[in-house]
Amino acid sequence: MYELIHMLSDQKALLSSLLETSMLSEKNGGTSEVQDSMKTNENSDNYKYQSLAYLLETVESCPPLSDVPNRYLLHDGKLNKLDCQTYAQTGEVKAFLLNDRFILAERIDKKSSQDKYRFDSIFELEKLAVVNVKDSDKLKNAFQILDFPNTLLFSADSSKQKNIWLEKIDIAKHAIAVKSIEAKLKENMLESEDESYYDDEFDDDNPFRDSPKKSNTKAKTEREKILSWLQDAPDELDVAIAQRHFDEAVDIIEKIRKFIQDNPKDSIFTEYACRIERRESSLVEILMNELKAPPERSVRGGPLFAKRAVSQLIRLGKSSKACQLFLENRSSLRNFNLEQIKYDGVTQSYIQKITGVYFKSLLESGLLFEKAFQKTPQCQSAFISWCDKEIKSYVILFRDRLLLMKANLSTTATCIADARKRLKELEEIGLSFEYLFDMLLRTDFCKLVDECQEKQREIISIDSKHENLWRPSNLQNSQQLTEFEKELENLGFSTIKQYSYDSCFSHLCSATVKFVRNIIVVLNDLEKIKCESIYSSVVNCFSSLLKFQYESYDKIAKEQHELRTTIEMNKKFFKKDLMPFVTNRINKMGIVYNLSV
Amino acid sequence: MSKNKAQPPSVVHKVIMVGSGGVGKSALTLQFMYEEFVEDYEPTKADSYRKKVVLDSEEVQIDILDTAGQEDYAAIRDNYFRSGEGFLCVFSITELDSFQQTVEFREQILRVKQSDENIPFVLVGNKEDLNDKRVVTIEAAEERARQWGVNYVETSAKTKHNVDKSFFTLLRLIRDKKLQEAALNTQTNKKKDKKRRCVVL
């Protein structure tokens with residue numbers, strides 16, 4: 001081998017000298033093609049070969065190295081050998097870094113300046129662990145190589161020198177890794193070529209036979225590019241995940257998936273898929289945890305982050321998980337907002353705040369959901385059932401709080417009206433839950449109406465015991481009478497003036513006026529509830545109240561003879577004015593019913 | 001070389017940081033070495049550090065090999081593990097995967113160390129400051145540590161919480177193991193001596 005190298009280099013020297021002479025003889029305009037080709041060779045193969053030859057020349061009793069083709073020297077230089085424990089220098093070595101081996105040699109004659117070394121040890125680069133030893137007071141520019149049972153510590157003369165060593169070793173290792181993948185790829189290509197062999201036979205006459213081959217080589221280089229990218233992908237993915245650049249991480253995963261999809265038979269890609277899988281699942285987990293974190297404690301919480309995490313999960317193909325977590329996240333966010341509401345003593349505003357939180361959450365969720373899950377309609381039903389749950393939870397809270405705070409009809413009705421307004425808003429984005437709301441609260445509404453009826457009846461029955469309430473109203477002066485007339489006119493009783501007499505009296509007794517006022521308040525409140533299910537209760541309520549009031553007139557007339565005329569006048573007002581008025585209002589609520597007594 | 005003349009104390013305890021990528025091995029190491037916390041993340045290839053510490057009023061040196069969590073090549077990982085006398089097996093309490101992978105690391109270490117169950121080993125749950133993102137419960141980690149017969153320490157490289165404790169716990173284990181082995185060696189030597197004497201007699 002050694003001789004062969006010598007022969008070759010001799011030949012080369014001869015050739016180049018020949019060329020030089022021919023150049024001289026053809027000074028002007030001779031072709032220099034041969035020389036050019038010679039130079040390019042020098043830059044690649046021959047150079048590599050020479051460098052190896054140099055190694056073999058300078059290192060005595062070096063094991064054969066030329067047995068592996070394409071082996072070449074990457075770097076060489078002097079290193080100080082140190083004791084691993086004490087850091088004391090134990091000697092000086094000459095190190096050679098080949099593309100796949102690391103060789104150590106010792107100087108033969110320490111005094112001579114001649115570069116002659118004796119082979120010491122050789123390491124397989126692929127298995128070699130290299131450790132960068134950080135500088136300390138005692139040690140600078142050092143690195144370690146571990147190859148069980150050997151642990152060797154070296155130091156370079158400068159940090160630059162050391163970095164060159166580490167960098168070159170790294171490059172060589174990387175190249176080895178790429179190569180092993182390429183080898184597998186080749187194996188694969190051979191297999192697939194075998195498969196396509198029979199197809200080719202039919203194409204024998206094809207004049208364009210060359211073109212598919214060309215595209216094949218093109219595909220090959222394309223593939224190599226992809227592979228070298230794939231080589232780095234796991235690392236890149238780790239960095240992206242660790243730095244929480246989740247979008248970037250998802251991009252990488254999607255890219256890999258696409259490669260796999262495009263090359264379903266390629267086992268190389270599947271191998272990468274395995275390596276990516278673990279990282280992917282950890283990414284999914286991180287994203288899921290982000291969504292799981294309670295919003296008040298999550299640093300990056302809030303709808304915006306949730307939205308991003310959701311879209312990333314969807315891209316990773318975890319749409320149903322994303323959907324579930326998104327909705328859980330929305331619920332916990334709503335819960336958090338709910339906890340922020342403090343009861344300030346005003347029931348109505350308190351309940352309205354609760355309503356606000358629920359419906360804002362529903363509305364926002366609806367919009368976010370629509371955007372995020374556009375491409376996954378299968379998640380729609382999950383969302384609808386979530387809304388359903390939310391509404392139910394809202395209704396329970398709504399009912400409990402109103403009960404707990406013993407809210408009156410007016411407050412309750414206002415809160416119901418408020419909720420109804422919000423439900424209408426939801427309908428605008430295609431979520432209609434009014435029916436659910438009504439259905440859940442139907443019995444409560446009816447109870448509310450019944451209770452209201454009870455209360456009013458009680459008022460009437462108490463009033464019927466105070467005979468002075470059934471006398472004509474004395475408003476003291478004409479001015480107050482006018483005011484009184486105006487009030488009732490505004491309420492919708494235009495005939496009120498015909499009951500006035502003596503410039504300060506009205507035939508309408510206090511009990512009637514009180515009843516009118518109460519009835520109107522009840523009407524206003526019940527109007528707000530706007531629920532068909534309560535119609536019969538409403539009718540029942542008013543007809544019963546009117547009847548009860550009317551009966552009171554009769555009872556008073558019987559007991560108090562002197563009040564008979566006044567009672568007659570009041571009965572007249574009751575029949576001619578009040579009854580049509582209430583009927584009209586009830587009809588306006590959508591209840592077709594004629595009240596009678 | 002003059003700088004090597006001053007002999008450092010002879011006892012060197014070799015600690016290896018193992019664990020999945022991104023769990024904070026380097027962050028723990030740097031916090032222990034230089035009391036600093038590095039926010040930026042860059043995957044480690046393999047770095048080694050040495051520091052003089054006082055372990056129970058005895059001056060010793062700690063040699064920390066901070067390995068690459070991403071190292072996929074088993075042969076190289078074996079080479080790292082073989083050089084260690086004790087292991088800090090780190091996972092992130094916010095990442096279930098990293099906790100699960102501690103099992104693989106443990107197995108690999110035991111394989112490399114000829115199934116020596118008493119190999120100095122501390123299970124470390126890092127990122128304790130991110131408690132709100134915790135997915136690995138203390139109970140689960142302690143249960144695993146109990147099964148393995150090792151210590152469990154929860155740390156935060158960010159706040160330095162328990163960082164020294166985890167390293168010193170491991171250092172004590174390494175020291176005790178070395179003392180034990182030394183005692184065992186002298187015993188066997190004595191036995192050998194006795195035997196020899198018998199032969200002479």
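1. Two strands pair if DSSP finds at least two bridges between them, and helices (H or I, at least four residues) and strands (E, at least two) are DSSP runs numbered from the N terminus. In this predicted model, β6(A) is joined by 2 bridges to strand β2 (residues 46–55) of chain B, and the two run parallel. Within β2(B), B:S48 is the bridge partner of A:V133.

2. Residues are numbered from 1 along each chain as its sequence is written, while chains are lettered from A in the order in which they are written. Local features need pLDDT of at least 70, side-chain atom pairs count only at pLDDT 80 or more, and totals for chains, interfaces and linings use all residues, with hydrogens and water left out of side-chain values, which use heavy atoms.

3. For chain A the mean pLDDT (the predictor's confidence in each residue, from 0 to 100) is 80, and 81% of its residues reach 70 or more.

4. Contact (heavy atoms within 4.5 Å) links 44 residues of chain A with 38 residues of chain B. The buried area, meaning the accessible area (1.4 Å probe) that two parts lose on being put together, summed over both, is about 3600 Å² between these chains, and carbon and sulfur atoms give 49% of it.

5. Between chain A and chain B there are 2 salt bridges, each a side-chain nitrogen of Lys or Arg within 4 Å of a carboxyl oxygen of Asp or Glu. A:K134 forms a salt bridge with B:D47, with the closest N and O atoms 3.5 Å apart.
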